[in-house]
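I opened my notebook to look up a few helices and loops, one by one.

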Amino acid sequence: MQISNHPTISTNADLRPTHLQIDLARLGSNLQAIQAHVGGAQVMPILKANAYGHGLVRVGQYMQSLGVGRIGVAYLEEGILLREAGVTTPILVLGGILGSQAPLFLQHGLTLTVSSTQKLEQVEAAAAAAGVVAKVHLKIDTGMERIGVHYYNAEGLLEATLRCKHVEVEGIFSHFANADAADLTSARLQVERFQEVLRFYEQHSLPTPLRHMANSGAVLQLPESWMDLVRPGILLYGVYPSAQAQRSVAVQPALTWSSRIVYFKVVRPGHPVSYGSTWQSDHEVRVVTVPVGYGDGYFRAMSGKAQVLIKGKRYPVVGTICMDQFMVNIEQDSAFNEDEIILVGESQGEHITESISVEDLAAWAGTIPYEILTNINTRVPRVYLQDQPLADG
Ligand SMILES: *Cc1c(COP(=O)(O)O)cnc(C)c1O
């Protein structure tokens, strides 16, 4: 299958001085830390949006090599890409579906999210036509108002599944609106509403499907929501979902975003830098140019706020960030063409190590870390550190 928006530009790492280096073993140790924290619940890593920028296929293959029981994605095409890359682990597509997509789900052995009786009937019909049994997870809306049957109307959907011969209800789930907040009142109400829905199975003496609702925020701070399975996304990548959420699991970021200086110059006082001439110095300064811009996902909104690291030292990005380049004021310091610049990650100097986090970029851009990670464009080549097997235990 051809995916039309697949990058056509080669992302060969040798072609570009800019890389996203991903330490897969860090993802492995984050997964292990999450698993240890949630005890008996299964951990289903969430790989949507290009694995939060880390690269869907390589992260998917790595998760399979670690033996995870399930992988979660948002869209049908993400599941298909994983299948085409040889990932045979069960994959749950979490997002809303169109009835017309059902045959493709079945063809690729993907687990569907069913969020209404109408969708259930469409899946049943497609599965009957294909002569297969569709695996589905039912989506219950307990307070997000996104997709899912409302908790107060769920019984009809649950009953309808009992009449479907070509649908196997493998799971049932809900999603939190505020699990990463300091105040967990509304999240706890969502847990109660979900538990009310689940009573259906007891009342009908039926086995309860896999119950799940915990995203990263709930993994960190709502043990009563872990149930049979948890769905961490951002935490797997070593980033906390919010500043307020308790940091009850220790995780580490897995990516380093780096580039190299492509130009060095001396800028005279009163000579403004970049589009709109928004910045100028009142004294002579040295300015270097970095071949990264908002077209790579280095948000223009960070203009005037962002900092980068050169040899363990912080320097300000000056002037407006362009599509493919930005400028850095190094004052009277020295830096040379080809010197490494760290945009996200650690930089070592002779006596110091400094680091810039995804949270820093989010603060400069006025957004959340999720948006920074998922906007690092596919034209930035991903480079993977050697896959390392996890130590036992
Ligand atoms: C994105 C998503 C998750 C993971 O969310 P994080 O906050 O990144 O942990 C879990 N479940 C569903 C339904 C999602 O859409």
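Where is the place of Glu338? I found Glu338 in the loop between strand 16 (326–331) and strand 17 (340–348). For names, I used DSSP runs numbered from the N terminus: helices are H or I runs of at least four residues, and strands are E runs of at least two.

A note on the source: this is a predicted model, in which local features need pLDDT of at least 70 and side-chain atom pairs count only at pLDDT 80 or more, while totals for chains, interfaces and linings use all residues. Residues are numbered from 1 along each chain as its sequence is written, and side-chain values use heavy atoms, with hydrogens and water left out.

I looked up the backbone of Glu338 and saw a positive phi of about 80°, although Glu338 is not a glycine. Glu338 is exposed, with a relative accessible area of 60%. My cut-offs were these: buried is under 20% relative accessible area, exposed is over 50%, and partly exposed is in between (1.4 Å probe, protein chains only).

Next I turned to Lys311, in the loop between strand 14 (307–310) and strand 15 (313–318). Its phi is near 50°, a positive value in a residue other than glycine. Lys311 has 49% relative accessibility, so I wrote it down as partly exposed.

**Entry: helix 1 and helix 3**

Two packed helices are described by the angle between their axes and the distance between the axes. For helix 1 (residues 24–38) and helix 3 (residues 56–65), I noted an angle of about 50° and axes 11 Å apart. The axes are lines fitted to C-alpha atoms, for helices over the stretch in contact, and angles run from 0 to 180 degrees between N-to-C directions. Helix 1 and helix 3 are therefore oblique to each other. For angles, under 35 degrees counts as roughly parallel, over 145 as roughly antiparallel, 65 to 115 as roughly perpendicular, and the rest as oblique.

Which residues meet here? Leu24, Ala25, Leu27, Gly28 and Leu31 in helix 1 meet Arg58, Val59, Tyr62 and Met63 in helix 3. Contact means heavy atoms within 4.5 Å.

**Entry: helix 4**

I listed the buried residues of helix 4 (residues 76–84): Leu76, Glu78, Gly79, Ile80, Leu82 and Arg83. They pack against helix 2 (48–52), helix 3, strand 3 (71–73), strand 4 (91–93) and helix 5. Just after helix 4, Gly86 takes a positive phi of about 90°.

**Entry: Thr111**

Is Thr111 buried or exposed? At 5% relative accessibility, Thr111 counts as buried. I found Thr111 in the loop between helix 5 (102–107) and strand 5 (112–114). Leaving aside neighbours within four places in sequence, its contacts include Ile91, Phe105, Lys135 and Glu170.

**Entry: helix 8**

I checked the length of helix 8 (residues 185–203): at 1.5 Å a residue, its 19 residues should span 27 Å, and its end C-alpha atoms are 28 Å apart, which agrees. The expected span is 1.5 Å times one less than the number of residues. Among the buried residues of helix 8 are Ala187, Val191, Phe194 and Tyr201. What covers the buried residues includes strand 6 (134–141) and helix 7 (154–162). Just after helix 8, Ser205 takes a positive phi of about 50°.
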